Amino acid sequence: MTKLVAQSVINSFFDGKQDDPFAVLGMHETHNGIEIRALLPDADKVEVIDKESQSMVVALERVDERGFFSAIVPDVNHFFAYQFKVRNLKYFSFGIISLI
């Protein structure tokens with residue numbers, strides 16, 4: 001996967017210098033489709049779930065070992081309500097994080 005977010009931007013989260021997280025995280029339009037980004041440091045696996053249909057849309061890829069995830073949803077050019085299904089083996093937990 002091509003990382004669309006610069007490493008310096010990812011680093012700014014972990015350095016405590018990111019002053020506009022909403023400009024980076026969440027859904028963003030790209031020429032390849034909708035990109036979804038999340039910062040979940042304790043997550044082992046993150047899936048995007050369509051909130052309406054409850055179906056899995058895409059698994060996010062860990063693009064930084066500290067917990068920055070992203071993925072392109074190909075052939076989708078509109079925003080939609082979604083949730084994250086997060087797996088964390090460290091704490092043996094699975095959870096849903098709802099987003100609009």
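Which residues of helix 1 are buried? Let me start there. A caution before the answer: this is a predicted model.

Helix 1 covers residues 7-14, and its buried residues are Ile10, Ser12 and Phe13. They sit on the same side of helix 1, because they cover an arc of only 150° around the axis. What lies over them? The cover on the buried residues of helix 1 includes strand 2, strand 4 and strand 5. Just past the end of helix 1 comes Gly16, with a positive phi of about 70°.

Now step back to the whole chain. We have 1 helix and 7 strands. The order along the sequence is α-β-β-β-β-β-β-β. The protein chain has 100 residues, and 39% of them count as buried. Take the contacts with a separation of 6 or more: 57% of them join residues 24 or more positions apart. The accessible surface is about 6200 Å². Carbon and sulfur atoms hold 53% of that surface.

On to the cores. The largest nonpolar core has 18 residues. Those with the most contacts inside this core are Ile36, Leu40, Val48, Leu60 and Phe84. Which elements give two or more residues to this core? Strand 2 (33-39), strand 3 (45-50), strand 4 (56-64), strand 5 (68-74) and strand 6 (82-88). There is also a second, separate core, of 6 residues. Its members include Ile10, Phe13, Val24 and Phe68.

Leaving out residues up to four places away in sequence, Leu60 touches Ile36, Ala38, Val46, Val48, Phe69, Ser70, Ala71 and Phe84.

Last topic: backbone angles. Most residues other than glycine have a negative phi. Two residues here are worth a look.

Phi of Gln54 is near 65°, a positive value in a residue that is not glycine. Gln54 is partly exposed, at a relative accessible area of 49%.

Then Asp75. Asp75 is in the loop between strand 5 and strand 6. Phi of Asp75 is also positive, near 65°, and again the residue is not glycine. Buried or exposed? Asp75 is exposed, with a relative accessible area of 81%.

Conventions. Residues numbered from 1 in each chain as written. Predicted model: local features only at pLDDT ≥ 70, side-chain atom pairs only at ≥ 80, totals over all residues. Heavy atoms only, no water. Core = buried A, V, L, I, M, F, W, Y, C linked by side-chain atoms within 4.5 Å. Buried < 20%, exposed > 50% of the residue type's maximum accessible area, 1.4 Å probe, protein only. Helix = DSSP H or I, 4+ residues; strand = E, 2+ residues; numbered from the N terminus. Contact = heavy atoms within 4.5 Å. Areas by Shrake-Rupley, 256 points an atom, 1.4 Å probe, with all protein chains shown as cover. Arc of directions from axis to C-beta.
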